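This report goes step by step through one structure. Please keep the sequence and the 3D view open while reading.

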2 protein chains.
Amino acid sequence: MADIPAVAGFRWGGVEAGIRKHGGRPDLALLVADGPAACAGVFTMNDMAAAPVLLSRAKAAAGTARAVLANSGCANACTGAQGMEAARRMAAALERRGIDASEVLVASTGVIGAPLPVAKIEAAAAKLLAAARPDGIRDFARAIMTTDTREKIAFREGSVSGRRVTVAGACKGAGMIMPNMATMLGFLATDAAAEPGPLQAMLREAAADSFNAVTVDGDTSTNDTLCILASGRAGGPPVREASGGAYAALRALVREVCVDLARAIAADGEGATKFIEVRVEEAFSPYEADVVARRIANSPLVKTACHAADPNWGRIMAAIGACGLTIDPQRVGISVDGADLVERGVGLGDEAEREAAVQMRKSSFTLLVKLGRGSEVRSIYTCDYSAEYVKINAEYRT
Amino acid sequence: MADIPAVAGFRWGGVEAGIRKHGGRPDLALLVADGPAACAGVFTMNDMAAAPVLLSRAKAAAGTARAVLANSGCANACTGAQGMEAARRMAAALERRGIDASEVLVASTGVIGAPLPVAKIEAAAAKLLAAARPDGIRDFARAIMTTDTREKIAFREGSVSGRRVTVAGACKGAGMIMPNMATMLGFLATDAAAEPGPLQAMLREAAADSFNAVTVDGDTSTNDTLCILASGRAGGPPVREASGGAYAALRALVREVCVDLARAIAADGEGATKFIEVRVEEAFSPYEADVVARRIANSPLVKTACHAADPNWGRIMAAIGACGLTIDPQRVGISVDGADLVERGVGLGDEAEREAAVQMRKSSFTLLVKLGRGSEVRSIYTCDYSAEYVKINAEYRT
């Protein structure tokens with residue numbers, strides 16, 4: 001992975017605080033701005049939203065923040081009043097270093113229901129702040145990993161209002177992933193100047209096409225958090241509204257970073273051996289396109305067939321038909337990276353399947369479904385199901 | 001499994017017709033009545049309903065049938081006009097033996113998209129009819145198996161209008177199982193006397209609490225078919241309406257047979273090592289109870305935790321919260337076969353988890369979730385997810 005340039009006004013860091021059951025890995029991450037930064041966030045819609053989500057959702061609404069403090073190894077979810085108190089103490093861990101609790105967003109990931117060992121976070125906070133560097137995004141990304149096999153970072157550079165700006169981000173997956181309005185944990189920083197309102201608007205739009213388009217297993221987490229901090233250090237007038245050229249330019253960069261990160265989550269889904277884009281075209285409505293693409297992407301039968309590079313298109317047809325949308329089979333077409341499998345609802349035969357199987361042996365491919373009902377489009381990013389997925393999740397807490 | 005008594009007026013049989021790719025197993029099944037029988041059926045709601053479903057749905061509406069002819073090894077689904085012609089020829093396979101095509105319901109299960117080798121069915125039909133016996137239900141049940149590891153049969157005896165009646169049934173699972181309005185393949189026979197209208201009403205009611213309460217993998221098949229034939233040979237006045245004592249008595253027997261069969265499907269889900277009942281109580285509405293129970297039962301994370309006997313209740317909370325029902329976590333309780341795990345949304349600690357883990361090591365247990373919002377109840381039957389599930393479905397067509 002290419003090196004990520006620094007984002008002016010920010011430092012990133014990661015250290016081992018001893019939160020994880022099995023040590024030897026960093027588990028506490030910090031993104032800190034040199035001064036107050038504009039901020040925006042989107043969070044899980046799960047009714048069981050974790051304590052750090054409840055706390056950070058309220059803070060993000062204020063529109064300004066200095067830092068994000070995130071831990072892996074414990075989700076601090078379903079932990080009741082004690083969990084809220086632990087999240088508050090976590091946010092206050094840098095107060096002696098001059099960063100007020102009101103300026104710190106917190107995020108947690110790991111086992112649900114276990115109490116957060118917040119004293120360990122308090123003990124490690126000063127060391128973490130000292131370790132944070134402008135080029136430390138990789139350390140940050142490693143410290144938020146759980147069952148991820150690799151860190152996930154992305155960046156874009158571009159021009160906004162005539163100034164060169166940078167957007168960088170880090171995120172983690174890798175299970176309980178079908179975010180609803182956000183993702184597991186994703187953090188972006190930019191040196192662009194923007195007010196919280198338009199920043200929130202562009203983040204929400206970007207999430208729709210990126211993190212909200214990922215599914216590993218159809219399970220929506222209690223801790224999904226995506227936030228962005230903007231330092232304004234690139235200079236120039238701030239983006240003040242959710243419209244106009246500067247807004248569009250920055251939104252494009254934010255969206256691209258989010259899509260890169262989201263695809264990285266799907267590619268590194270638990271036990272995954274392949275990245276799969278399920279693309280639905282010719283849908284009647286955006287809703288229909290999303291429902292069909294998501295149903296296919298969540299079908300264990302489709303995912304196991306992908307694992308085996310078996311172009312078992314009947315499973316895709318069954319998933320489409322199960323959506324309850326009165327879709328006419330005779331208009332459905334299916335192909336895999338250009339290899340046609342189904343036309344007008346009927347399979348094209350053994351030779352076509354052999355060609356599709358060749359495409360499916362690649363580590364990345366697109367299942368394209370055309371519904372013949374309209375012009376709406378939706379891509380959902382997912383991965384195959386392997387026996388390793390079962391192994392990882394059967395042994396997760398042991 | 002106990003022997004199933006004969007149902008007066010019916011014969012069952014199964015033979016090998018050579019439909020399966022790998023031979024050596026029976027693949028063609030027949031249930032035949034001595035004369036015209038009242039019949040009723042419920043079928044998949046999948047938009048991609050297979051040719052035999054389209055044909056049998058129309059025939060069942062007529063209310064009278066002589067026979068059900070079913071094959072495994074090929075679903076005859078997504079096969080277009082050729083598939084409809086093949087299904088029609090299949091229904092006509094016993095015409096030379098005096099059973100008109102209009103009296104024969106057909107059903108198929110197996111690979112989707114492959115053409116039905118109907119000539120093999122025609123060639124084997126006479127042999128199959130000759131092999132059918134009053135006590136042949138086990139042969140029938142074996143011939144409709146696909147990835148099932150054992151045949152599934154059930155029966156009940158009881159009194160209807162003062163006459164002793166018998167209801168017997170056979171079904172198959174074991175993958176692409178989350179029936180919507182019916183099940184993969186299920187066939188019942190009774191010697192009770194009943195008209196088609198009340199027979200249809202009781203079958204639909206029974207399906208709601210049995211086959212429609214099963215999920216193995218959340219995938220709804222193109223071929224789900226459940227039907228019942230009633231010979232009237234028990235004597236007595238026929239059940240003429242969907243109300244009254246005789247209706248209730250027969251409905252209870254039909255329902256119990258369906259529940260037995262549905263539980264057998266869940267217990268024999270692909271790769272399953274445990275039968276799990278997910279029971280939701282204190283729901284606000286029947287819809288809410290069903291949505292929550294189904295979401296938990298379909299969660300790969302819950303199913304893999306069950307496989308490992310890990311009382312990872314955080315995954316159950318996350319699944320509940322992901323339903324979008326604005327459920328208050330502080331009212332939620334969770335237990336496993338009497339071992340309490342969660343009260344008021346918070347875990348009860350390590351000792352409680354150890355006791356729950358003991359329950360989860362059994363081959364059958366109930367996950368009970370109380371929502372604290374009302375008095376509605378729903379049970380969904382499912383199984384755990386093992387690495388074997390992935391193996392079976394990755395290699396299904398090879």
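## Terms and numbering

Two residues are said to be in contact if their C-beta atoms, placed from the backbone, lie within 7 Å. The structure is a predicted model, in which local features need pLDDT of at least 70 and side-chain atom pairs count only at pLDDT 80 or more, while totals for chains, interfaces and linings use all residues. Residues are numbered from 1 along each chain as its sequence is written, and chains are lettered from A and ligands numbered from 1 in the order in which they are written.

## How the two chains meet

The contact between the chains is made by 55 residues from chain B and 55 residues from chain A. On the side of chain B that touches chain A, at least two residues each come from helix 8 (300-307), helix 9 (313-321), strand 12 (346-347) and helix 11 (387-394) of chain B; here helices (H or I, at least four residues) and strands (E, at least two) are DSSP runs, numbered from the N terminus. Helix 9 of chain B gives the most to this side, with 8 residues. The residues of this side of chain B divide into 25 nonpolar, 22 polar and 8 charged, where Ala, Val, Leu, Ile, Met, Phe, Trp, Tyr, Cys and Pro count as nonpolar, Asp, Glu, Lys and Arg as charged, and the others, Gly among them, as polar.

## The fold of chain A

Chain A contains 11 helices and 14 strands. Its radius of gyration is 22 Å, close to the 21 Å that the globule rule gives for 398 residues, so chain A is as compact as a globular protein of that length; the radius is taken over C-alpha atoms, and the rule is 2.2 Å times the number of residues to the power 0.38. Along its principal axes, the C-alpha trace of chain A spans about 70 × 55 × 35 Å.

Six strands of chain A form an open sheet with mixed pairing, in the order 12-11-10-13-9-14, where two strands pair if DSSP finds at least two bridges between them. Strand 12 (346-347) and strand 14 (376-383) of chain A are the edge strands, each pairing on one side only. Within chain A, strand 9 (residues 275-283) and strand 13 (residues 364-370) pair in the parallel sense over 7 bridges, and E277(A) has T366(A) in strand 13 as its bridge partner.

## A helix of chain B

In helix 1 (residues 51-61) of chain B, the buried residues are A51(B), P52(B), V53(B), L55(B), S56(B), K59(B) and A60(B) (buried: 20 or more other C-beta atoms within 10 Å of the residue's own, these atoms being placed from the backbone). Among the elements of chain B that cover them are strand 2 (28-43), strand 3 (64-72) and helix 2 (80-91). Helix 1 of chain B is followed by G63(B), whose phi is positive, near 90 degrees.

Definitions and conventions: Buried ≥ 20, exposed ≤ 12 C-beta atoms within 10 Å, placed from the backbone.
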